[in-house]
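Please keep the structure open beside them as you read.

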Amino acid sequence: NEQKINHHGKRADAIVKGMLQHSRASSGQKEMTEINELADEYLRLAYHGFRAKDKSFNATTKTEFDSSLEKINVNPQEIGRVMLNLINNAFYAASLPSKGGNPDSDGNKTPTVLISTKKDDNKILIRVRDNGPGIPENIIDKIFQPFFTTKPTAEGTGLGVSLAYDIVKAHGGEIIGETKEGKARPDDPVGRGTEF
């Protein structure tokens, strides 16, 4: 009983924290930000966060940064939070049991997360992709709803992706999640899973 109380107390704590993040008025301080550096920093932060929780955790990280990107005017903490949420989810999905994951180009199933940036006219395209089992088609359009989670009960609050959605919208951007199936091509280093 004590264990259950402790467990559900922590879960309630995580949900309340998530709800507060949703409702917190942002300082809105935008500044000229180097997106490649921000992405690199949060990729490392997420990886070490996973390693701290689980010493046996291992994953390959890959980056493809567009060196022609100029600094853009964003709130770096908020965009960082979006990246952290998406990268954490990618690590979680990539390290799920291999039955549903997609193999990389040499046929192995190494948990892999790729983050890439690209200049696209007057926009910047940031991609976070994992080679996990993907999101079933019948639920992919629900993933941005608050409290909806694909994780087992007690593992996710369902607030990370909906928070990311709100932040991206507030920045005048758009966020899309899609699942791609099939083995990686030699020119594409990550077996297909989910991409945001």
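1. Of the 196 residues in the protein, 36% are buried, where buried means under 20% relative accessible area, exposed over 50% and partly exposed in between, with a 1.4 Å probe and protein chains only. The accessible surface comes to about 11700 Å², and carbon and sulfur atoms hold 49% of that; these areas come from the Shrake-Rupley method with a 1.4 Å probe, and for residues only the protein chains shown count as cover.

2. A word on the ground rules: this is a predicted model, in which local features need pLDDT of at least 70 and side-chain atom pairs count only at pLDDT 80 or more, while totals for chains, interfaces and linings use all residues. Residues are numbered from 1 along each chain as its sequence is written, and side-chain values use heavy atoms, leaving out hydrogens and water.

3. The protein has 4 helices and 7 strands, arranged from the N terminus as α-β-α-β-β-α-β-β-α-β-β. Helices (H or I, at least four residues) and strands (E, at least two) are DSSP runs, numbered from the N terminus. Taking contact to mean heavy atoms within 4.5 Å, 71% of the contacts between residues at least 6 apart in sequence join residues at least 24 apart.

4. Now the sheet: 5 strands make an open, mixed sheet in the order 2-4-5-7-6. Strand 2 (60-64) and strand 6 (178-179) are its edges, each pairing on one side only; two strands pair if DSSP finds at least two bridges between them. Strand 5 (residues 123-130) and strand 7 (residues 194-195) run antiparallel and are joined by 2 bridges, with glutamate 195 of strand 7 as the bridge partner of arginine 129.

5. Helix 3 (residues 76-94) lies across strand 2, strand 4 (112-120) and strand 5, at about 25° to strand 5. For that angle, axes are lines fitted to C-alpha atoms, for helices over the stretch in contact, and angles run from 0 to 180 degrees between N-to-C directions.

6. Which residues does valine 113 contact, leaving aside its neighbours within four places in sequence? Among them are Leu43, Thr60, Ala90, Phe91 and Arg129. Valine 113 belongs to strand 4 and is buried, at 0% relative accessibility.

7. Rings of Phe, Tyr and Trp (its six-membered ring) pair if their centres lie within 6.5 Å; planes under 30 degrees apart count as stacked, over 60 as edge-to-face and the rest as tilted. Tyrosine 47 and phenylalanine 57 form a tilted pair, 5.9 Å centre to centre with 55° between the planes. Tyrosine 47 is in helix 2 (residues 35-53) and phenylalanine 57 in the loop between helix 2 and strand 2, so the pair ties together parts 10 residues apart in sequence. Both residues are buried, and ring pairs link Tyr47, Phe50, Phe57 and Phe91 into a cluster.

8. Phenylalanine 144 and tyrosine 165 are also a tilted pair, at 5.2 Å centre to centre and 40° between the planes. This pair links the loop between strand 5 and helix 4 (160-170) to helix 4, 21 residues apart. Tyrosine 165 is partly exposed, with a relative accessible area of 30%, whereas the buried residues of helix 4 include Val161, Leu163 and Ile167.

9. Lastly, charges over rings, counted if NZ of Lys or CZ of Arg is within 6 Å of the ring centre and within 35 degrees of the ring normal. Lysine 53 lies over the face of phenylalanine 50, 5.3 Å from the ring centre, and the charged end of lysine 151 sits over the ring of tyrosine 92, 4.8 Å from its centre.
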